[in-house]
Every structure is written in structure tokens, then in C-alpha cells.
Amino acid sequence: MQLSKTEEELMNRLWKLEEGFMKDLLEAYPEPKPATTTIATLLKRMTDKGFIAYNLFGNSRQYYPLVKKKDYFSKHVNGLIKNFFNDSASQFASFFTKETNLTKKELEDLKKLIDNEIKNK
């Protein structure tokens, strides 16, 4: 399952907080803050999808993620490679390095990361 853009935005805030009540999540947004009802609806949908859960403290719910950020984005990057680049990591890397306007330093840093991964295999 996938999160909508607004759900992803809220999920990013929850990943950063690690856990939080509704007021904590609202405070994490810049002005103008979304309506409480909007956040409540998003939290309900994300709970139903199995991305988050909560602990009850009286009438208050403390939300926490069930899915790790790394796992969520790893799945989406792999899906992107499969769906748009014929399941070819090299096609993805070629597109990524040519179309994202990376600086020479960024490309060199990327090369170091790849070289380190090759050493560790």
C-alpha cells in the first residue's frame, strides 16, 4: 500500500518525532497549520492502512509509526526502478546522473558510495 502526498507529509513529521499526540503533530507543521479535522482524517486513514498505530492515554492517542522510513522509501525506489526503468538499476543510475544536474562533487561522492558498496559485496 502507498501513502498519498499529504499522508507522506504527515508521516515524515511522525518519523521525525518518533511518537506524538495530535497537538505534537500539529505543532510540527509551519503556519498556516492544517485543520485538526484534516490531521485526524489522515491519521485514521494511515492507521487503517497499517502505517501507524497508537497507544490510548485516557481519551488521547499517542501515535507512532509501524513502518520505518528507510523501508518505505526503499520499496518505492525499487518500484520506481521496476516500473520506469525496466527493472534496470543501471538505466536508473544513468537517468539519475544525467537528468538531476548533480555537481562534480556530488557525482564524486556518489562514486565513492558505489565503490564502497562494491568493496563490501
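Two strands are taken to pair if DSSP finds at least two bridges between them; helices (H or I, at least four residues) and strands (E, at least two) are DSSP runs, numbered from the N terminus. The model is predicted, so local features need pLDDT of at least 70 and side-chain atom pairs count only at pLDDT 80 or more, while totals for chains, interfaces and linings use all residues. Residues are numbered from 1 along each chain as its sequence is written, and side-chain values use heavy atoms, with hydrogens and water left out.

Strand 1 (residues 20–21) runs antiparallel to strand 3, joined to it by two bridges, and Phe-21 stands opposite Gln-62 of strand 3. Strand 2 is also antiparallel to strand 3, through six bridges; here Ala-53 has Tyr-64 as its bridge partner. The hairpin of strand 2 and strand 3 has two residues between the strands, and Gly-58 in this hairpin takes a positive phi near 65°.

Helix 3 (residues 36–48) comes next. Ile-39, Leu-42, Leu-43 and Met-46 are its buried residues (under 20% relative accessible area; exposed is over 50%, partly exposed in between, with a 1.4 Å probe and protein chains only). The face turned away carries the exposed Thr-37 and Asp-48. Gly-50, with a positive phi near 85°, follows helix 3.
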